[in-house]
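Trainee: Could you show me how to read the features of a protein model, step by step?
Mentor: Gladly, let us look together.

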Amino acid sequence: MALEINLVPDIKNEMIKALKLRNLIFFICIVVASASIIVSIILASAAAIQQSAADGKRNTIDLMSSTVNSYGELSEFLTIRDQLGNLAEISDNKQLLSRIFGVLSALLPTGLDTITISELSISFAEDNPTISFDAQANAGAEPYIDYNVLDSFKKSMQYMRYDYGAYVDRDGNTIPAYCIVESFSDETRGSYAYWLINGEGCNPSAAETAEEETNPAEDENETTEGETVETPEATEEETAVVSGYATEQYEGQTVVRIWRTPQYEEWYKAGYLSLDGTIENVAHFESDCITYTGTEVAGNVINWTSSNDSCLLVPDGTEGITIAESSNGRDTDEQLVLRFSATIVLSPEVFSFNNKHLLSLSPTGRHNVTDSYLQLQDMFAERAEDCAEGDTTCNNNANTGGNNG
């Protein structure tokens, strides 16, 4: 058996181990340093590439900026762009000045006592629009110059109302305003409008149904449920019913009559109108001003009432009109009249573009605010002249109200 004898002292062994550890540490340090150098080189290269790309982009931006600034029409373009961005706000603030004629038709009395305007001005400078005018009042009978006419005109301001809203189909969908022709009246059933049901985009329920159909009819004259045929010149027999609505013919077009005045008894019995005034499942006018209420009385009779407390044509009532001056005079036909100047403050909602199908309401009836429905010649007249110095009949004409100036 061979024996191994270790002739290396222990101290020598410790030194050898230390040398090995030192060499390992040196190796690791060299590897780490090499890796750090490589990473630094990579990062430096990436930074250089990014800087080069940024410089290229900056040069491109500078070139494009110089090109854009060289356009002479730049300022006009920016102005148009800003205006396009404000279209919604412009639309919300748009006012329809033509509605003043409908307002005047409600304000001015008709009948034996008449008031005609000779000069008219309108101001939207304040929060509420203001109309100022010179006018003449004719009592129509002795005494022709009667201040009671002017006094009655002033007191009528508290009773003036307006109404607006939307026409809706039986599903409650709003019918576009361009699809409605106003304004018609039935002596016994009230006012109504015509719905051009076959017009493009005029039947919202049919449009919704068409989108849901997975297999629409291939023939353009064939319809699926809820769709309509584009036949504006169709005969009454062919268009008796469209989308479940009874139709009529109006100026060669197929129309549906929609009542603006509720058909109380008829709708209540059919379940369309409830006692709280809610109207459902029938095409109707949805008012934003007028509310309806039904009250049961003896014998199962329903007493229907309507109220309009919020939409005041002259918000301040009798305080909303100021009579600046008044005097005796003669008109161009040498008739005795009462000359006066007045200012009336109206509700701004009356002229808002967003308030559709607006009517001005006076105690004597409804007045459409679209000037195409009005007879303007009866509203205006040449300015009356004050009584001449020697016109004793004019100067001494009796009146029963005193000066309202």
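Mentor: We start with the words for the parts: helices (H or I, at least four residues) and strands (E, at least two) are DSSP runs, numbered from the N terminus. Contact means heavy atoms within 4.5 Å. Axes are lines fitted to C-alpha atoms, for helices over the stretch in contact, and angles run from 0 to 180 degrees between N-to-C directions. Keep in mind that this is a predicted model, where local features need pLDDT of at least 70 and side-chain atom pairs count only at pLDDT 80 or more, while totals for chains, interfaces and linings use all residues. Residues are numbered from 1 along each chain as its sequence is written, and side-chain values use heavy atoms, with hydrogens and water left out.

Trainee: Which strands does helix α5 lie across?
Mentor: Helix α5, residues 147-155, lies across β1, β2, β14 and β15. Its direction is at about 160 degrees to β14.

Trainee: In what order do the five strands of the open sheet come?
Mentor: The general idea is that two strands pair if DSSP finds at least two bridges between them. Here the order is β1-β2-β15-β14-β18, with antiparallel pairing. β1 and β18 (385-386) are at the edges with a single partner strand each, so one side of each has no neighbour in the sheet.

Trainee: How many bridges join β1 to β2?
Mentor: Nine bridges join strand β1 (residues 114-123) to β2, and the two run antiparallel. They form a hairpin with six residues between them. Within this pairing, E119 stands opposite D134 in β2.

Trainee: What describes a pair of aromatic rings?
Mentor: Such a pair is described by the distance of the centres and the angle of the planes. The cut-offs are these: rings of Phe, Tyr and Trp (its six-membered ring) pair if their centres lie within 6.5 Å; planes under 30 degrees apart count as stacked, over 60 as edge-to-face and the rest as tilted. The structure holds 15 aromatic pairs. One of them joins F133 and F340, edge-to-face, at 6.3 Å centre to centre and 75 degrees between the planes. F133 lies in strand β2 (residues 130-138) and F340 in strand β15 (residues 336-345), so this pair ties together parts that are 207 residues apart in sequence.

Trainee: Are F133 and F340 buried or exposed?
Mentor: Buried means under 20% relative accessible area, exposed over 50%, and partly exposed in between (1.4 Å probe, protein chains only). F133 is buried because its relative accessible area is 3%. F340 is buried too, with a value of 0%.

Trainee: Why is the pair of F184 and Y194 called tilted?
Mentor: Their ring centres are 4.8 Å apart and their planes are at 50 degrees, so the pair is tilted. F184 is in strand β5 (residues 180-186) and Y194 in strand β6 (residues 190-195), ten residues apart. Y194 counts as buried, at 8% relative accessibility. One aromatic cluster is formed by F184, Y192, Y194, Y250 and W259.

Trainee: Which ring does the charged end of R260 sit over?
Mentor: A charge sits over a ring if NZ of Lys or CZ of Arg is within 6 Å of the ring centre and within 35 degrees of the ring normal. The charged end of R260 is over the ring of F285, 3.8 Å from its centre. K94 lies over the face of F353, at 4.5 Å from the ring centre.

Trainee: How many disulfides does a search of the whole structure find?
Mentor: A disulfide is a pair of cysteine sulfur atoms within 2.5 Å, and the search finds three. C179 and C202 form one of them, with sulfur atoms 2.0 Å apart. Their link is left-handed, with -80 degrees about the S-S bond. C179 lies in the loop between β4 (165-168) and β5, and C202 in the loop between β6 and α6 (204-212), so the pair ties together parts that are 23 residues apart in sequence. Another disulfide joins C387 to C394, S to S 1.7 Å.
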